[in-house]
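Subject: Structure for you, with notes

Hello,

Here is the structure I promised to pass on. Please open it alongside this email.

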Amino acid sequence: MASFKTPALKNPSLSLSSKPRLPSAFSVSFRDNLRFSRSSSRPQRRFLIITASAASISSKPTVLVAEKLGEAGLTLLKEFANVDCSYSLSPEELCTKISLCDALIVRSGTKVSREVFESAGGRLKVVGRAGVGIDNVDLAAATEHGCLVVNAPTANTVAAAEHGIALLAAMARNVAQADASMKAGKWQRNKYVGVSLVGKTLAVLGFGKVGSEVARRAKGLGMHVIAHDPYASADRARAIGVELVNFEEAISTADFISLHMPLTAATNKMLNDETFAKMKKGVRIVNVARGGVIDEEALVRALDAGIVAQAALDVFTEEPPKQDSKLVQHERVTVTPHLGASTIEAQEGVAIEIAEAVVGALKGELAATAVNAPMVPAEVLTELKPYVELAEKLGRLAVQLVAGVSGVKNVKVSYASSRAPDDLDTRLLRAMITKGLIEPISSVYVNLVNADYTAKQRGLRITEERIVIDGSSECPLESIQVQIANVESKFASAISESGEIKVEGQVKDGIPHLTKVGSFQVDVSLEGSIILCRQVDQPGLIGKVGSILGQENVNVSFMSVGRIAPRKQAVMAIGVDDQPSKGSLQRIGEVPAIEEFVFLKL
Ligand SMILES: NC(=O)c1ccc[n+]([C@@H]2O[C@H](COP(=O)([O-])OP(=O)(O)OC[C@H]3O[C@@H](n4cnc5c(N)ncnc54)[C@H](O)[C@@H]3O)[C@@H](O)[C@H]2O)c1
Ligand SMILES: O=C(O)[C@H](O)COP(=O)(O)O
């Protein structure tokens with residue numbers, strides 16, 4: 001294989017979600033000058049031109065901040081985007097505004113419903129939840145619309161835990177009730193005798209970030225702490241002196257129960273008539289998680305029946321709850337208006353955390369706090385970055401080689417790596433191959449978020465194979481190969497011996513390279529665009545093609561020839577920085593030794 005390289009090119013930046021959604025990102029036109037038949041021994045000439053439509057990219061994205069956000073976060077956002085702070089929008093007003101926004105930031109008070117995504121007309125790229133709970137965002141609708149949802153999972157943990165402890169102590173000592181009584185002019189020392197915390201059993205349900213911080217603090221108050229969490233590690237619990245128990249044991253032995261799980265279909269109304277009946281008589285309940293995890297009517301019944309002695313609630317099924325809510329008005333219930341995350345420190349932290357995540361996502365960076373896209377640790381992301389780019393470009397190339405692209409149904413991806421099969425997370429790579437495969441042939445905007453969903457919708461089946469090779473496991477991958485089965489090709493030489501379109505690539509010095517087309521080895525960096533020619537290997541051909549491109553001032557970045565044997569069939573891969581005119585491509589096609597060629601836009 002002969003190859004030579006022209007001066008260095010810049011490495012195109014990784015862009016997963018920053019590409020503005022255009023009505024049609026690519027217009028694809030196929031031009032045949034002669035028909036190609038796979039059964040014929042000598043493929044006839046044919047070429048393909050793919051042109052990019054002009055992208056109207058507005059200079060600054062618009063971020064709609066729909067609920068109060070800390071100043072530090074707003075400052076960060078304003079450095080990058082036009083920021084529209086419109087609080088207390090009605091659902092209709094939100095739907096009207098959203099089509100003008102690239103990002104939306106909310107707290108728990110805004111429902112980001114399916115209608116919001118549908119009203120966005122494809123412009124909304126990211127929803128930032130300035131906090132933890134994402135139960136107010138329709139994640140399925142976000143995913144279907146290719147909209148990334150990010151949250152701020154860590155900055156309010158301590159605030160929520162402190163509020164949980166504040167409610168626990170206030171409830172046990174009737175602080176709120178006694179305060180109200182004094183303000184009403186009374187002095188009722190006997191009425192407000194409380195209970196002690198020390199030595200009592202606290203069951204923490206949901207031993208995640210907030211739950212474990214509550215547990216740690218409760219231990220400091222001298223409580224015996226048990227926890228139930230089907231997904232928590234016993235070692236982590238043991239490290240802070242907490243015993244993990246099953247749900248039944250937790251609720252039946254606790255003097256106090258503190259709730260810290262997310263609201264999901266499985267946790268909805270987890271505390272109900274049946275579970276209250278299993279609790280110790282006189283149990284006290286704290287909820288700073290989500291109102292929906294308690295059946296509120298059942299709680300009123302349990303309070304009235306004396307099963308639950310007291311409750312302290314920061315969150316409610318409906319927020320704000322109705323003014324005449326029996327629960328809120330109950331004498332033995334202490335309430336706060338969803339204040340768990342509301343400290344000055346937490347709100348500044350959350351604002352910064354979410355602003356950074358939203359700006360990063362708008363720039364097309366991979367989001368570490370994405371909740372509807374593959375979560376890949378930051379160090380893995382850094383390592384995979386050039387392979388992510390390679391994956392997308394191989395997908396893009398492979399699909400452009402297909403004749404009659406609607407027939408693409410079965411794609412096989414092979415990853416050759418010296419690492420153990422479970423030591424390589426390929427979800428990100430698969431998503432990017434899907435993006436590469438789908439975007440050039442449809443108006444659908446594909447990103448990491450909706451790649452799997454979109455592939456499924458289109459009936460595209462992507463199977464993955466790991467090939468373990470010998471060698472150093474320092475680099476995660478040796479090569480990626482994309483094969484499309486049961487299709488014909490615009491470029492016959494791209495069909496492998498086994499009958500699939502096959503392209504293979506590697507990362508060299510951090511830059512993705514195309515290294516194989518069909519059965520031919522090539523070596524061309526995947527930058528700019530590529531012309532693939534099949535010819536009979538002979539002297540002077542490179543010069544002829546180079547001079548046609550040169551006459552039009554098209555810069556050749558890379559050229560390589562892979563051949564079966566000297567002066568036999570060869571495939572020449574030419575990397576070009578600029579798009580040659582149709583006339584130049586036609587002249588290349590007319591060079592007598594060239595049997596077929598294709599122009600591929602990356
Ligand atoms: N009141 C507030 O202002 C406030 C502030 C922060 C967080 N929150 C809420 O607190 C909750 C916890 O937040 P976090 O940051 O600790 O989240 P987290 O994801 O770190 O922890 C949640 C834990 O719940 C566990 N869990 C899931 N299903 C469970 C089940 N059926 N039974 C028991 N445990 C289960 C998970 O395994 C996880 O460990 C969330 O609902 C969040 O929205 C409220
Ligand atoms: O899930 C959360 O982060 C808390 O419930 C805080 O919600 P908020 O941002 O509406 O205060």
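My notes follow, starting with the ligands and moving out to the fold.

Please keep in mind that this is a predicted model.

Ligand 2

Start with ligand 2. The residues around it are Arg 107, Ser 108, Arg 129, Ala 130, Gly 131, Val 132, Gly 133, Asn 156, Arg 290, His 338 and Ala 341. By class, the shell around ligand 2 holds three nonpolar, five polar and three charged residues.

- Arg 290: a polar side-chain atom lies 2.7 Å from an oxygen atom of ligand 2.
- Asn 156: an N or O atom of the side chain is 2.8 Å from an oxygen atom of ligand 2.
- Arg 129: a polar side-chain atom is 3.1 Å from an oxygen atom of ligand 2.

How much of ligand 2 does the protein bury? On its own, ligand 2 exposes 310 Å², and the protein buries 92% of that.

Ligand 1

Ligand 1 has 26 residues around it. Those that come nearest are Lys 209, Val 210, Asp 229, Val 288 and Asp 314. The shell of ligand 1 divides into 13 nonpolar, nine polar and four charged residues.

The polar distances here involve both backbone and side chain:

- Met 261: a polar backbone atom is 3.0 Å from an oxygen atom of ligand 1.
- Arg 290: an N or O atom in the side chain is 3.4 Å from an oxygen atom of ligand 1.
- Gly 340: a polar backbone atom is 3.4 Å from an oxygen atom of ligand 1.

Arg 290 deserves a look in your viewer. The side chain of Arg 290 has a polar atom 2.7 Å from an oxygen of ligand 2, and an N or O atom 3.4 Å from an oxygen of ligand 1.

Domains

The protein is divided into four parts: domain 1 (62–151 + 348–363), domain 2 (155–335), domain 3 (377–518) and domain 4 (527–601). Taken over C-alpha atoms, the centres of domain 1 and domain 4 are 47 Å apart.

Sheets

One has five strands in the order β5-β4-β6-β7-β8, and its pairing is parallel. Its edge strands are β5 (82–85) and β8 (148–151). Each has a single partner strand, so one side of each is left without a neighbour in the sheet. Neighbouring strands of this sheet are turned by 20° against each other on average, ignoring direction. Within it, β7 (residues 126–129) and β8 pair in the parallel sense over four bridges. Gly 128 stands opposite Val 150 in β8.

Backbone points to check

Most residues other than glycine have a negative phi, and most peptide bonds are trans. Two places here depart from that pattern.

- Which peptide bond is cis? The one from Glu 319 to Pro 320, with omega near -10°. Pro 320 sits in the loop between β14 (308–313) and α12 (326–329).
- Where is phi positive in a residue other than glycine? At Lys 269, with phi near 50°. Lys 269 lies in the loop between β12 (256–259) and α10 (273–277).

Best wishes

Definitions and conventions: Residues are numbered from 1 along each chain as its sequence is written. Chains are lettered from A and ligands numbered from 1 in the order in which they are written. This is a predicted model: local features need pLDDT of at least 70, side-chain atom pairs count only at pLDDT 80 or more; totals for chains, interfaces and linings use all residues. Side-chain values use heavy atoms; hydrogens and water are left out. A residue is near a molecule or strand if one of its heavy atoms lies within 4 Å of it. A polar contact is a pair of N or O atoms within 3.5 Å; within protein, one must be able to donate a hydrogen and the other to accept it, and residues adjacent in sequence count only if both atoms are side-chain atoms. Accessible areas come from the Shrake-Rupley method with a 1.4 Å probe; for residues, only the protein chains shown count as cover. Ala, Val, Leu, Ile, Met, Phe, Trp, Tyr, Cys and Pro count as nonpolar, Asp, Glu, Lys and Arg as charged, and the others, Gly among them, as polar. Domain bounds come from an automatic or database domain assignment. Two strands pair if DSSP finds at least two bridges between them. Helices (H or I, at least four residues) and strands (E, at least two) are DSSP runs, numbered from the N terminus. Axes are lines fitted to C-alpha atoms, for helices over the stretch in contact, and angles run from 0 to 180 degrees between N-to-C directions.
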